[in-house]
Amino acid sequence: MTHGKLQIIQAKYTASAVRKDQYPTEGLPEIAFLGRSNVGKSSLINSLCGQRGLARVSGAPGKTQTINYFNVTLQEKTDAEEQRTPLFFVDLPGYGFAKTGGKNRQLWSHFIGEYITGSPNLSLLFLLVDLRHPGLDIDLQAYRWLADNEVPLQIIGTKADKLGRNDRSRNLAAVKRLFPAAFPPIAYSSLKQDGKNELLHMVYEALYE
Ligand SMILES: Nc1nc2c(ncn2[C@@H]2O[C@H](COP(=O)(O)OP(=O)(O)OP(=O)(O)O)[C@@H](O)[C@H]2O)c(=O)[nH]1
Ligand SMILES: [Mg+2]
């Protein structure tokens, strides 16, 4: 489908939740961001919204601890007209940053799975994997869980700026093979904003298809 120029405008923090009764009740479509701790979920949201300090970012894993909702507007602009669609970007806590060892270690906190399978407005989930490390065990586990639960998925390879051209395309091909999805994975750099148009295109598709 063709569309005009896409941009996120008017992003603001709305709410945090760890339980269903804390989810916002506006009924807006939601796009969620999931991935290993430190993979760059919060940075990606900030980069899409053009606001550095919107979601909290840290060099140390485990920064985001609750489900954080950001009310944003997708703007589509052509020469003739402009269309605006409100939605939520949902920043999720990372997985794989184990504080509890041993046999009972879970993939992620109960409330994350509850959100993914239980939020009535989830339109698309972006699964972020570090493009430098395709096919980590924990990411494959997360992927399988999501696929088993038939969650609508788009894979993003993050921190693409840390790779040269050859490694970037080789690893992207590996990600495509390891994490099959309806659409091919997108390489993204929050630092350089690479992949932004492609990613916003997928947001648009999720809202209008
Ligand atoms: N070079 C580079 N660094 C990045 C990029 N995205 C994120 N980072 C860095 O990676 C670190 C983690 O980023 P966050 O956005 O906080 O990661 P997160 O996935 O939200 O982490 P948790 O909230 O702990 O789950 C920070 O030091 C960021 O500056 C990127 O595209 N390129
Ligand atoms: Mg975060």
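In which loop is Q193 found? In this predicted model, in which local features need pLDDT of at least 70, side-chain atom pairs count only at pLDDT 80 or more, and totals for chains, interfaces and linings use all residues, residues are numbered from 1 along each chain as its sequence is written. Chains are lettered from A and ligands numbered from 1 in the order in which they are written, and side-chain values use heavy atoms, with hydrogens and water left out.

Q193 belongs to the loop between strand 7 (186-187) and helix 5 (196-208); helices (H or I, at least four residues) and strands (E, at least two) are DSSP runs numbered from the N terminus. The phi of Q193 is positive, near 65 degrees, in a residue other than glycine. K159, also not a glycine, has a positive phi of about 60 degrees. The loop that holds K159 runs between strand 6 (153-158) and helix 4 (165-178). Most residues other than glycine have a negative phi.

Around ligand 1 there are 22 residues (one heavy atom within 4 Å), and K41, S43, G62, D161 and S190 come nearest. By class, this shell comprises 4 nonpolar, 12 polar and 6 charged residues; Ala, Val, Leu, Ile, Met, Phe, Trp, Tyr, Cys and Pro count as nonpolar, Asp, Glu, Lys and Arg as charged, and the others, Gly among them, as polar.

Ligand 1 takes up the space of the largest pocket, with more than half of its atoms within 2 Å of the grid points. A pocket is an open set of points on a 1 Å grid over the protein atoms alone, where a 1.4 Å probe fits, with protein on both sides within 12 Å along at least five of seven lines; lining residues have an atom within 4 Å of a point. The lining numbers 31 residues, with G40, S43, L44, V57 and S190 nearest the centre. Helix 1 (residues 41-49) supplies the largest share, 6 residues.
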